[in-house]
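Work through the exercises below with the sequence and the model side by side. Try each task before reading its solution.

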Amino acid sequence: MNKRKNIFISIIFLLTISSTVFSGELVIKGSTTVLPIAQKAAEAYMAENPDVKISLSGGGSGNGIKAIIDGTADIGNASRFIKQKEVSMAGTKDVYPVPFRIALDAIVPVVNGKNSVNNLTIAQLKDIYLGKIKDWKQIGGTPGKIVVISRDSSSGTFGVWKELVMKDERVIPSALTVPSNGGIVQAVTTTPGAIGYVGLGYLTGGIKAVKVDGVEGSEQNTLNGSFPISRGLFMFTKGWPQGETMDFISFILSRKGQDLVKEAGSIPLF
Amino acid sequence: MKRQHIDKGVRSGFLLIALFSITALSLIMIFLFIEGLPIFDHVSIKEFIFGKYWYPTDDPADFGILALILGSVSVTFLSGIMAIPLGIMTAIYLAEIAPPTVAEIVKPIVELMASMPSVVIGFFGMVVVAPFIQKLFNIPVGLNMFNASLMLAFMAVPTICSISEDAVFSVPTALKEASFALGATHFETIVKIIIPASLSGICTAVILGLSRAVGETMVVLMAAGGAAMIPGSIFDPVRPLPASIAAEMAEAPFRSEHYHALFAIGIVLFLFTLIFNLIADFLSHKFRQVGEASL
């Protein structure tokens with residue numbers, strides 16, 4: 001009886017060891033904006049390295065960075081840079097998050113396809129979202145109430161909008177909030193007086209992209225830095241990455257990886 | 001001996017199952033309070049309930065849910081105005097007036113409406129109804145309180161209708177026949193005999209229908225517009241309590257103030273439905289028709 005038990009334990013022991021020795025496992029968590037990129041990259045990477053297992057999940061930028069600090073993930077995705085609060089939280093746990101910028105993303109203000117407004121300045125956009133500009137005629141459009149549409153306050157896209165357009169002032173409470181990029185497209189398409197903002201990948205038929213300070217929101221203008229509402233997409237690791245984690249990050253930053261970034265609808269770095 | 005054992009076994013088996021669901025539910029409730037109460041270390045209960053601004057991710061953040069509470073209350077109230085008369089009148093028609101063949105066809109259809117997934121109704125409100133009412137009333141935006149209430153009324157009507165139909169149907173025939181015998185018309189009998197006799201069931205139906213509307217998430221998330229402001233008209237966008245929880249929970253950092261605030265909203269919502277159910281319970285006891293002589 002005892003002998004059998006011993007054999008059983010040693011088998012389990014062997015299994016645990018072998019699984020850590022023979023195959024690498026990567027856990028990636030975080031931003032839903034980075035998720036499509038990570039997914040494409042993970043598929044391609046696993047096809048090249050069959051013994052590596054990558055498990056992917058979303059949960060938002062905040063959760064991604066938190067997972068790095070807690071050690072529950074190898075890579076934490078974020079559609080924004082790390083916040084001061086998070087840096088100090090990492091500090092108390094002796095963790096040094098290392099950022100890798102893996103792609104770019106532009107956020108483009110959009111209006112209904114029938115709207116005559118083509119260009120808005122950052123200051124005008126800010127005043128619209130502050131509720132100071134209420135009618136399209138105040139900014140040279142056909143008279144009509146402006147319907148302000150925003151994203152939920154916890155989304156990464158909203159965070160970037162708040163920082164780059166609102167300069168950390170508050171969007172008026174009467175702004176409609178929509179839970180996704182697709183939701184904004186839907187609402188702006190069906191509402192003639194609406195204004196919203198979406199990621200560059202979501203520009204479609206019924207909506208019209210508005211130039212910001214005279215600059216069109218495009219891949220090229222984001223890369224050369226002239227489009228003002230753009231952001232970097234990041235992968236964070238716990239300390240300088242090693243082994244499988246390093247290989248995966250290098251893969252995303254290679255030519256092949258950056259082609260996948262483009263396929264996923266974001267802007268490659270080169 | 002053996003039969004007694006089986007009997008005992010069955011009895012304790014059922015007890016165990018009953019205990020299991022009750023335990024699970026009370027654990028969820030305890031969890032809700034454990035995760036929600038810490039927010040009151042940061043804001044007072046008064047600030048939380050009566051605060052006008054909901055900016056949970058700002059620094060410093062504002063956790064005032066008055067606009068969200070009013071959003072929920074107004075949407076539920078408006079949907080009640082639409083759904084209660086419709087539901088009750090349909091029920092009376094089906095139980096009293098409709099010929100049996102019509103009732104046999106209509107009743108299952110109404111019950112089928114109850115099983116419509118809420119996400120489908122929400123999507124319908126967002127894609128079809130919103131542009132329609134926006135053009136019809138010539139208002140700036142179709143995602144608003146009216147749209148959400150209409151969709152919620154859609155969901156509440158089947159509940160209200162099928163429960164009140166049961167109540168109306170179970171009014172003793174003797175009461176009806178007595179009324180006819182005294183020379184009352186069918187209409188007089190319905191208004192003066194059938195409705196008072198089935199009032200407890202109808203009240204329960206209304207409360208259950210409304211408590212479904214107050215807790216409904218997907219529809220208000222998709223069709224109400226989601227603006228955290230105190231509504232001034234029925235065409236203003238609103239952000240009811242469940243929509244806030246659903247939209248923000250995924251991105252709220254674990255055990256942050258925002259996270260606790262969302263659970264505290266859950267507590268408020270729980271109290272709402274609890275009060276609704278207590279009222280339903282009270283009414284169903286108060287107006288209960290005991291026997292045929294008590295009318």
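**Exercise 1. Describe the make-up of chain A.**

Step 1. The secondary structure of chain A consists of 10 helices and 11 strands. Helices (H or I, at least four residues) and strands (E, at least two) are DSSP runs, numbered from the N terminus.

Step 2. This is a predicted model, in which local features need pLDDT of at least 70 and side-chain atom pairs count only at pLDDT 80 or more, while totals for chains, interfaces and linings use all residues. Residues are numbered from 1 along each chain as its sequence is written, and chains are lettered from A and ligands numbered from 1 in the order in which they are written.

Step 3. Along the principal axes, the C-alpha atoms of chain A fill a box of roughly 85 × 35 × 30 Å.

Step 4. Of the 270 residues in chain A, 45% are buried. A residue is buried if 20 or more other C-beta atoms lie within 10 Å of its own, exposed if 12 or fewer, and partly exposed in between, with C-beta atoms placed from the backbone.

**Exercise 2. Examine helix α6 (residues 156-164) of chain A.**

Step 1. Seven of the nine residues of this helix are buried, so α6(A) is largely enclosed by the rest of the structure.

Step 2. The buried residues are G156(A), T157(A), F158(A), G159(A), V160(A), W161(A) and K162(A).

Step 3. These buried residues pack against α3, β4 (97-112), β6 (147-151), β8 (194-199) and β11 (230-238) of chain A.

**Exercise 3. How do α6(B) and helix α9 (residues 199-215) of chain B pack?**

Step 1. The two helices pack at an angle of about 160 degrees, with their axes 8 Å apart. Axes are lines fitted to C-alpha atoms, for helices over the stretch in contact, and angles run from 0 to 180 degrees between N-to-C directions.

Step 2. That angle makes α6(B) roughly antiparallel to α9(B). Angles under 35 degrees count as roughly parallel, over 145 as roughly antiparallel, 65 to 115 as roughly perpendicular and the rest as oblique.

Step 3. The contact includes L152(B) and I160(B) of α6(B) and V206(B) and L210(B) of α9(B). Two residues are in contact if their C-beta atoms, placed from the backbone, lie within 7 Å.

Step 4. By class, the residues of this contact divide into 12 nonpolar, five polar and two charged. Ala, Val, Leu, Ile, Met, Phe, Trp, Tyr, Cys and Pro count as nonpolar, Asp, Glu, Lys and Arg as charged, and the others, Gly among them, as polar.

**Exercise 4. Which residues of the largest nonpolar core touch the most other members?**

Step 1. Of its 138 residues, they are I149(A), L176(A), L152(B), I160(B) and A223(B). A nonpolar core is a set of buried Ala, Val, Leu, Ile, Met, Phe, Trp, Tyr and Cys residues joined through C-beta atoms within 7 Å.

Step 2. Helix α6 (residues 145-169) of chain B supplies the largest share of this core, 15 residues.

Step 3. Not counting residues up to four places away in sequence, L176(A) touches residues including V147(A), A187(A), V141(B) and P237(B).

**Exercise 5. Is D94(A) buried or exposed?**

Step 1. D94(A) is in the loop between α4 (84-92) and β4 of chain A.

Step 2. D94(A) counts as exposed because there are 7 C-beta neighbours inside 10 Å.

Step 3. Phi of D94(A) is near 60 degrees, a positive value in a residue other than glycine. Most residues other than glycine have a negative phi.
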